[in-house]
Amino acid sequence: MKIRKGDDVLVLSGKFRGERAKVEEAIPSRNKVILDGLNIAKRHTKQAGATMQAGIIDKLLPLDASNVALWCSSHKGPAKVGFSDVDGTKVRVCHKCGAAL
Ligand SMILES: [Zn+2]
């Protein structure tokens, strides 16, 4: 997976298309990302028993990693990510402008 925790990404599809957000959590095993402040499902709950409160609960939903693109601050757009070897270290690079991400 090319997206990591803390990355600045652009949402490519779905309800939040065009929005930029920070990756709160990356789940490589499921190829999903959780974005900070985005993809919140407003859930209207009914009173269920004495301990559960009725109201709206914010829930962060994981988004498919293929639906987000890493934001390239060099060319100010979504990056097509590639990998490059720099002094034996694998680094992510933007295919469009060549900047290391
Ligand atoms: Zn770039």
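Me: How many disulfides does the structure hold?
Reply: Keep in mind that this is a predicted model. A disulfide here needs two cysteine sulfur atoms within 2.5 Å. Cys72, Cys94 and Cys97 use their SG atoms as donors to the zinc ion. As for disulfides, the count is zero.

Me: OK, so which residues are the protein donors of the zinc ion?
Reply: The donor atoms lie 2.0 to 2.3 Å from the zinc ion. Their residues follow the spacing C-x2-H-x18-C-x2-C in sequence.

Me: What arrangement do the four donor atoms around the zinc ion make?
Reply: Check the angles: the four donor atoms subtend 104 to 116 degrees around the zinc ion. To count as tetrahedral, all angles have to lie between 85 and 135 degrees. These pass, so the arrangement is tetrahedral.

Me: How many residues apart are His75 and Cys97?
Reply: His75 is in the loop between strand E7 (68-72) and strand E8 (77-78), while Cys97 is in the segment after E10. The pair therefore links distant parts of the chain, and the separation is 22 residues.

Me: Is Cys72 buried or exposed?
Reply: The cut-off for buried is under 20% relative accessible area. Cys72 has 0%, so Cys72 is buried.

Me: Which element gives the most to the largest nonpolar core?
Reply: That core has 18 residues, and those with the most contacts inside it are Ile3, Val9, Val11, Val33, Leu35 and Val68. Strand E1 (8-11), strand E2 (20-27), strand E3 (32-35) and E7 each give two or more residues. The top contributor, with three residues, is E7.

Me: Leaving aside neighbours within four places in sequence, which residues is Val11 in contact with?
Reply: Val11 is one of the core residues with the most contacts. Contact here means heavy atoms within 4.5 Å. With those neighbours left aside, the list for Val11 is Phe16, Arg17, Gly18, Glu19, Leu35, Leu38, Leu63, Asn67 and Val68.

Me: Which strands stand at the edges of the open sheet of six strands?
Reply: The order is E6-E3-E2-E1-E7-E8, with antiparallel pairing. An edge strand has a single partner strand, so one side is left without a neighbour in the sheet. At one end, two bridges join E3 to E6, with Val33 partnered by Leu63. The edge strands are E6 (63-64) and E8.

Me: How many bridges pair strand E9 with strand E10?
Reply: E9 covers residues 81-86 and E10 covers residues 89-94, and the two pair in the antiparallel sense. Within this pairing, Ser84 stands opposite Val91 in E10. The number of bridges is six.

Me: What phi does Asp87 take in the hairpin of E9 and E10?
Reply: The hairpin has two residues between the strands, and Asp87 lies in that loop. At 78% relative accessibility, Asp87 counts as exposed. Asp87 is not a glycine, yet its phi is positive, at about 50 degrees.

Me: And what phi does Asn31 have?
Reply: Asn31 is found in the loop between E2 and E3. With a relative accessible area of 34%, Asn31 is partly exposed. Its phi is positive in a residue other than glycine, near 55 degrees.

Note on methods:
Residues are numbered from 1 along each chain as its sequence is written. This is a predicted model: local features need pLDDT of at least 70, side-chain atom pairs count only at pLDDT 80 or more; totals for chains, interfaces and linings use all residues. Side-chain values use heavy atoms; hydrogens and water are left out. Two strands pair if DSSP finds at least two bridges between them. Helices (H or I, at least four residues) and strands (E, at least two) are DSSP runs, numbered from the N terminus. Donors are N, O and S atoms within 2.8 Å of the metal (3.2 Å for Na, K and Ca); water is not among the atoms, so sites may look incomplete. Four donors count as tetrahedral if all angles lie between 85 and 135 degrees; four count as square planar and six as octahedral if opposite donors are over 155 degrees apart and all others between 65 and 115; anything else is irregular. A nonpolar core is a set of buried Ala, Val, Leu, Ile, Met, Phe, Trp, Tyr and Cys residues joined through side-chain atoms within 4.5 Å. Buried means under 20% relative accessible area, exposed over 50%, partly exposed in between (1.4 Å probe, protein chains only).
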